[in-house]
Amino acid sequence: MNKMLDDDQIFNISPGRHVDLDHHCQNGGYSALAKALAQGPETSLKEISDAGLRGRGGAAFPTAEKIKMLRANTEKLRYIICNADEGEPGTFKDRFIMTHIPFQLLEGITIAAFMAGASEGYIYVRHEYPEAQKILRESIEEAERRGFLGENILGSGFSLSLKLFSGAGSYLCGEETALISSIEGKKGRPRLKPPYPTQAGLWQKPTLINNVETLANIPKIIEKSASWYRSFGTPDSPGTKLISLSGDVQNRGLFEVPFGITFAEIISEYGGGAKTGKAIKAVNIGGASGVLIPPEMLFTPLEYLACSKTGITIGSGAIFVLDDTRSILSNVQNRLRFFLHESCGKCTPCREGLRQANLILDRLLAGEAVRQDVSTLERYTRAIQEASFCGLGQAAGNSLRSSLAYYRDEYLASCRDNKPSFIEEETA
Amino acid sequence: MTAIKEVVNRFGKEEALLLQVILAVQDADPQNHLSEEAVNEISREMNISRSRVYSTASFYSEISLKPRGMHIIRICTNAPCENANKASILAAIKQELGIKIGQTTTDGLFSLESVNCLGACYMSPAIKIDDAVYGDLTPEAAVAIIRNLRKEYQNEQNA
Ligand SMILES: Cc1cc2nc3c(=O)[nH]c(=O)nc-3n(C[C@H](O)[C@H](O)[C@H](O)COP(=O)(O)O)c2cc1C
Ligand code: SF4
Ligand code: FES
């Protein structure tokens, strides 16, 4: 799957290859857990902190800092939740981890729970992934039988009871507080933060929630050291990132790339470039919640700092390529409809704003809009992004905002009153 | 003991298990749905109000309060699949089944639904039938899969 990093890489996922428990152990698996248990939580946590691991679920929060917040809490009962809801359209990395290297994930969860002092945990897997659920259920049982999970793990006195929890078809349940509500048996609606889950999470107890990819990084860092981990990537963004590549490229698929590589390199070296005879028109980064950028911006490195400077959201690491036969407006509308469908309706900017934005897109695509509509759409986009209660509404505006910035001409060209003599810009 | 009582006993009566119980009850239902009687019984068995059971069940798109077909065909509607010619697959399926999204064939064999990204965008367009995902689809391939399922069912009926 990967040309640049071979045996040394962190994920080693190859299509069709399921790493079972024996295999995992032969590859050095579960030696990290033994090491972590022997050296204690503080030393292990320092390794994660030195490695500079950041959350791969979208917000890129430093993982060690989150664990420290739990440790600072005096409450004895603490939970760990592995967020395997993976609802971001265009993303399939977590599914590959669960189905190909489930024990690397389970080992990561166990080490994270040990560092955080959590004794009970859940893996929240979306209902649309029955295969991943089955593999994880079986893997949990097997790890328990072999003493890697459950009571008194590897004779250390540390215990973790881990259960699989199935989602039931809701993108919003990937949001951490909505996910907690869902486990509590309620509708998956988000709660106000603070308090953060690290303070008051599941059943109001301190809870560590991490993404699948984040947790699956942990065993390698403990096993091979923070400095080994830092030999990949850049000082700002160490390690590697799993990229879900789809759309108009020669090779679609899952690729593990070192941070610091540019988006252009990912698309040409791993994706084989655009389809024959076509040119890239736009690239969507970070799934439906992400941005649409023009080819000129593809020379930005995949790096948290560099991307935040240019307004690129790495998010889940999905890259979706659109060639010059594609319409920006209909792609943006596809995303809008997704969010409209997934909005929980609790707050007006998200519920009504998205509905109105969708109506304007309808008019634009039907050739019935006027230029005034484009500036109205811009105003609505700001309201949706700035006034929505949770991350769904806030991120829903990303593709609107970026497409209005980089593909404004395409919006204007669709307007009925767009005569070349009034090219001057409308302002909101 | 009723099937629902069995499910509740297997999972437990804690509130946290409500969603898992609902999913298991729906899975065991021949019409792939959560009936009114099932809601009543879950509410009784778990000692959770009926409105709470409804409120939880109605929030999630994989739970249906209406009876559905034996096989559920879900078509992915997100951008990577849409760009990979989802429309032609959908048209072929609609024509083969004679139903629209959200409907069930009169023989009760198939329901057609839309679904969010199946995590199979590297083989878009993708659809899911029951628990299996099919990628790199053509309209002909989609129709062939449906015809196979129908044939399998007829063979079972005749056996
Ligand atoms: C609408 C919405 C959906 C989300 N979906 C997911 C998801 O599917 N998987 C995930 O890991 N994080 C998701 N997140 C982010 C989580 O809220 C949370 O930040 C993450 O699980 C933290 O883990 P990390 O620190 O390891 O990234 C979502 C956030 C929002 C606002
Ligand atoms: S932003 Fe949207 S999804 Fe989030 S709480 Fe408001 S309505 Fe619900
Ligand atoms: S967009 Fe259809 S499977 Fe991902």
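An N or O atom in the side chain of A:T214 lies 2.7 Å from an oxygen atom of ligand 1, a polar contact in the sense of a pair of N or O atoms within 3.5 Å. The protein buries 88% of the 620 Å² that ligand 1 exposes when taken alone, with accessible areas from the Shrake-Rupley method and a 1.4 Å probe. This is a predicted model, in which local features need pLDDT of at least 70 and side-chain atom pairs count only at pLDDT 80 or more, while totals for chains, interfaces and linings use all residues. Residues are numbered from 1 along each chain as its sequence is written, chains are lettered from A and ligands numbered from 1 in the order in which they are written, and side-chain values use heavy atoms, with hydrogens and water left out.

**Exercise 1.** Describe the residues that surround ligand 1.

*Solution.* Then turn to the contacts, where a polar side-chain atom of A:N210 is 2.9 Å from an oxygen atom of the ligand, and a backbone N or O atom of A:E176 is 3.0 Å from an oxygen atom of ligand 1. Finally, look at the elements: β4(A) supplies the largest share of the shell, three residues.

**Exercise 2.** Describe the surroundings of ligand 2.

*Solution.* First, find the 13 residues around ligand 2, of which A:C344, A:K346, A:C347, A:C350 and A:C390 are the closest. Second, divide them by class, and the shell comes to eight nonpolar, four polar and one charged residues.

**Exercise 3.** Explain why the pair A:D248 and A:R326 ties together separate parts of chain A.

*Solution.* Start from the salt bridge between these two side chains, at 2.9 Å from N to O; the term requires a side-chain nitrogen of Lys or Arg within 4 Å of a carboxyl oxygen of Asp or Glu. Now place each residue: A:D248 is in the loop between β5 (240-247) and β6 (253-258), and A:R326 is in the loop between β9 (318-323) and α13 (328-342), so the pair ties together parts 78 residues apart in sequence.

**Exercise 4.** State how many helices and strands chain B has.

*Solution.* Counting helices (H or I, at least four residues) and strands (E, at least two) as DSSP runs, one finds seven helices and four strands in chain B.

Terms used:
Near = heavy atom within 4 Å. Polar contact = N/O pair within 3.5 Å; in protein donor to acceptor, adjacent residues only side chain to side chain. Nonpolar A, V, L, I, M, F, W, Y, C, P; charged D, E, K, R; others polar.
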